[in-house]
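Please open the structure in a viewer and keep the selection panel at hand.

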Amino acid sequence: MLTHHVLFWLKSDITEEQKTAFRAGLESLSKVETIKSIYIGTPAPIERPVVDTTYTFSLVIVFEDLAGHDVYQVHPIHKAFLDEFRVLFERVVIYDAQ
């Protein structure tokens with residue numbers, strides 16, 4: 001199993017419509033056939049010094065293996081998401097774990 005965890009910080013000047021479209025774009029990634037499960041979230045209202053709540057969206061994808069992840073990286077749906085929405089985020093951090 002491989003988990004792909006992506007944190008997105010959207011630009012401060014985006015509209016609510018753009019934010020809604022961004023979330024829909026994240027949801028569209030679920031159509032990639034190598035994804036076993038996907039979770040899209042926003043920061044929980046937890047106030048502890050060790051919890052980072054500065055990001056806008058969290059994306060967690062579970063793949064069967066590294067090969068499934070590799071298919072996802074070059075998949076047309078993933079590429080289309082990046083082409084359309086890359087302009088909306090100012091920072092992205094990715095954690096991959098197996």
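Select helix H2, residues 66-74, where helices (H or I, at least four residues) and strands (E, at least two) are DSSP runs numbered from the N terminus. Its buried residues are Gly68, His69 and Tyr72; buried means under 20% relative accessible area with a 1.4 Å probe, protein chains only. These residues lie on the same side of H2, because they cover an arc of only 100 degrees around the axis, taken from the directions from the helix axis to the C-beta atoms. Next, display what covers them, which includes E1, E2, E3, H3 and strand E4 (89-97).

The model is predicted: local features need pLDDT of at least 70 and side-chain atom pairs pLDDT 80 or more, while totals for chains, interfaces and linings use all residues. Residues are numbered from 1 along each chain as its sequence is written, and side-chain values use heavy atoms, without hydrogens and water.

Now select Phe8, Phe22, Leu26, Leu59, Tyr72 and Phe81, which touch the most other members of the largest nonpolar core, a set of 21 residues. Such a core consists of buried Ala, Val, Leu, Ile, Met, Phe, Trp, Tyr and Cys residues joined through side-chain atoms within 4.5 Å. Strand E1 (2-10), helix H1 (16-28), strand E2 (35-41), strand E3 (57-63) and helix H3 (76-85) each give two or more residues to this core.

Centre the view on Phe81. Leaving aside neighbours within four places in sequence, Phe81 is in contact (heavy atoms within 4.5 Å) with Phe8, Phe22, Gly25, Leu26, Leu29 and Arg86.

How values were computed. Buried < 20%, exposed > 50% of the residue type's maximum accessible area, 1.4 Å probe, protein only.
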